[in-house]
Amino acid sequence: MSTSGAASPPEQPAVFTRIRLADRRDVPNIHRLIHQMAEFELLTDLFSATESSLSSTLFPSPPLLPFHSFTVLILEISQSPIHNAAEDDSDLGFRPLTRRIALKSVFADPEASIFASPRGDGLVVAGFLLCFPNYSSFMGRPGIYVEDIFVRESWRRLGMGKMMLAAVAREAARMGCGRVEWCVLDWNKNAIAFYEGMGAEVLPQWRICRLTGEELSKYAVDEEDSAGRP
């Protein structure tokens with residue numbers, strides 16, 4: 001005589017994420033992510049970065065301590081649990097963060113092969129964050145400025161952007177920083193609502209001032225030379 005129990009409910013689909021420090025091997029993916037970000041923000045006319053310029057400026061040798069200079073965090077995803085290999089146990093003081101994220105349904109990432117992680121093991125790069133230190137004279141304390149945060153379209157609205165910002169906020173709090181700052185385009189209402197939901201204050205009274213291109217190059221000339229000598 002055979003018996004049968006109730007059927008087990010199907011396991012909910014999920015992906016596994018890891019946030020880690022980037023290195024030179026990640027430059028091709030970082031370059032592609034920055035270009036996608038420029039497209040999303042309708043600013044491709046300002047995009048001039050090359051893999052060479054990113055490699056030389058973001059990853060000097062010997063490497064600098066993370067969050068004390070330019071720092072890039074890489075967001076990777078996998079269909080199976082991610083094990084932090086020895087090479088990921090950074091001696092620079094940042095412990096990779098891993099998490100399981102439940103999905104409502106299984107879906108494909110059409111760019112998975114393009115964004116394959118240089119770390120292998122079927123990992124795919126889903127996003128990145130670039131930040132660097134700044135300083136508040138009013139507070140008399142250092143801070144961290146987030147220049148870029150970007151998640152590829154296939155992996156948005158799953159909390160991954162919040163995970164990267166939270167990783168920076170964690171390090172800032174541990175370092176005794178006074179604040180973490182970033183900018184958001186005024187038309188990006190979804191992002192503004194997301195940041196406010198994290199507890200961030202959006203400051204409408206501030207505007208970015210920028211010198212770049214030819215206007216910046218003018219200042220390479222000495223004041224005497226630019227004024228002309230008798």
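Buried means under 20% relative accessible area, exposed means over 50%, and partly exposed lies in between, using a 1.4 Å probe and protein chains only. This is a predicted model, where local features need pLDDT of at least 70, side-chain atom pairs count only at pLDDT 80 or more, and totals for chains, interfaces and linings use all residues. Residues are numbered from 1 along each chain as its sequence is written, and side-chain values use heavy atoms, without hydrogens and water.

**View 1. The whole chain.** Of its 230 residues, 34% count as buried. The chain has 6 helices and 6 strands. These are DSSP runs numbered from the N terminus: helices are H or I with at least four residues, strands are E with at least two. Along the sequence, the pattern reads β-α-α-β-β-β-β-α-β-α-α-α.

**View 2. A nonpolar surface patch.** Leu 211, Leu 216 and Tyr 219 form this patch, with about 350 Å² of accessible area together. Areas come from the Shrake-Rupley method with a 1.4 Å probe; for residues, only the protein chains shown count as cover. Nonpolar side chains (Val, Leu, Ile, Met, Phe, Trp, Tyr) are joined within 5 Å, like charges within 9 Å. Leu 211 sits in the loop between helix H4 (189-197) and helix H5 (213-217). At 49%, Leu 211 is partly exposed.

View 3. Cys 183 is partly exposed because its relative accessibility is 42%. Cys 209 reaches 76%, so Cys 209 counts as exposed.

Technical notes: Patch = residues over 30% accessible without salt bridge, like charges linked within 9 Å, V, L, I, M, F, W, Y side chains within 5 Å. Salt bridge = Lys/Arg side-chain N within 4 Å of Asp/Glu carboxyl O.
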